[in-house]
Amino acid sequence: RNAANIVDVVADYVSLHRSGANYKGLCPFHNERTPSFIVSPAKNYCHCFGCGKGGDPIGFLKELNNYTYREALVHLANKFHIEIKEVDLSSEEIAERQKRQSFLTLCDFVNKHYQQQIAVESNNATAMARLNALGLHEAVVKLFGLGYADSTPDSLVDMISKAGFSISNANDLGLVAPLANGMGDVINKAIVLPVYNKTGKVTGFAWHSIEADPTSFGTTCRSAIFNPQESVFGLFQANHAISKAKSCFIVDNPFDVMAMHQNGLTNTISPIGEAIDRYIIN
Ligand code: ZN
C-alpha cells in the first residue's frame, strides 16, 4: 500500500490534472462533465465528490475492476515491481501454479502469433471481408485483440517448437492435436478471438472459420486455466462499463458483442462455448 502511489494507479485509467496539492479528473465511476474526482498524493487516497466512490490504491482497483483483494494486490505488485512470496504451499500446489503459469505464457505467445498473422496483407483482406460483411469495422480488431490462423507457410506447431515452448502443453490447451502425419494446428483459416480473463490475461481462444456460417464458433478445450462453458466473451473489454452501468447485455455470440461495442453499448458480453439459451433464467 505504501509503495503504490495513488496518482500512478489512478492515472492508468483517468486523465489527471494538477490542482493545488491534489490532482483532479473525470470520475471513472459515474458520468460527469466537470471533474469532481480528487486524488490526494499526501493521503494516498482518491475520492469522488459526486458519487462518493474512491479509496486507497487497493480499494480503488477493487471498485473499478471488480477485483478481489488478492487480485488488487497482484495488480499493484506487478505494477510497482514487488515480488510476491507465497509461503506454505505444498509441492502439488507449486506444481499446479507453475503449470497454470506456463499455460498463460504459452497463450500469450500464441495470441501474439495470431495477431501478427492478421497483419499479413492477404490474411487481413480475408478477415476484414468477413468482418465487414457483418458490419464490423477495423477498430474491433485492435479492441478485441483479434488474430488470424493460417497454417501456411508457418504452422503454429512450428512456431511453438521454434520458440522452445512445450508441444504437450499446446496439446493440453487444445491448440494443436495429433493428426495422421504428426502434430498439427487445430485452428486453421479462421479469425481468432482471444478470451481474456478479468485481469487481461488470455486463457483460451474462440475462433470463427472463414468457411463456416457467421454464427458458428469453435473454442479451445477445457484446461487448467480455461473452461469454455463457464467463460464469457468480452468481459475484460466490458468490465468498467458493467461496473458503471451496474447491468450488462448478454448477446448471442462474440460478433454481436463487437457490434454492440461499436455502437457504444460497451457493457456487453456473450457466451462462447454454449448457446445463449443456457443463460436464460425464467
Ligand atoms: Zn463519481
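1. A residue is called buried when its relative accessible area is under 20%, exposed when that area is over 50%, and partly exposed in between, using a 1.4 Å probe and counting protein chains only. By this rule Ser151 is buried, because its relative accessible area is 18%. Ser151 sits in the loop between β6 and α7 (156–162), and, leaving aside neighbours within four places in sequence, Ser151 is in contact with Asp185, Ile187 and Asn188, where contact means heavy atoms within 4.5 Å.

2. Please keep in mind that this is a predicted model, in which local features need pLDDT of at least 70 and side-chain atom pairs count only at pLDDT 80 or more, while totals for chains, interfaces and linings use all residues. Residues are numbered from 1 along each chain as its sequence is written, and side-chain values use heavy atoms, with hydrogens and water left out.

3. The protein chain as a whole has 10 helices and 14 strands, these being DSSP runs numbered from the N terminus, with helices (H or I) of at least four residues and strands (E) of at least two. Its C-alpha trace spans about 70 × 50 × 45 Å along the principal axes, and 43% of the 282 residues count as buried. Among contacts between residues at least 6 apart in sequence, 54% join residues at least 24 apart.

4. Helix α4, which covers residues 91–119, has 29 residues and reaches 43 Å from its first C-alpha to its last, close to the 42 Å expected at 1.5 Å a residue; the expected span is 1.5 Å times one less than the number of residues. Several of the residues in α4 are buried, among them Phe103, Leu106, Cys107, Val110 and Tyr114. An α-helix has 3.6 residues a turn, so residues three or four places apart point the same way.

5. Leu173 and Asp88, by contrast, are 85 residues apart in sequence and 29 Å apart in space, taken from C-alpha to C-alpha.

6. An open sheet is formed by 4 strands in the order β6-β9-β10-β11, with antiparallel pairing, and two strands are said to pair if DSSP finds at least two bridges between them. The edge strands are β6 (147–149) and β11 (218–219), each of which pairs on one side only. Strand β6 and strand β9 (residues 190–196) pair over 3 bridges, and Tyr148 stands opposite Ile191 in β9.

7. Finally, Gly50 lies in the loop between β4 (45–48) and β5 (54–55), and Gly50 counts as exposed because its relative accessibility is 53%. Gly50 touches His30 and Ser36, not counting residues up to four places away in sequence. The C-alpha atoms of Gly50 and Phe29 are separated by 9.5 Å, although these two residues are 21 apart along the chain.
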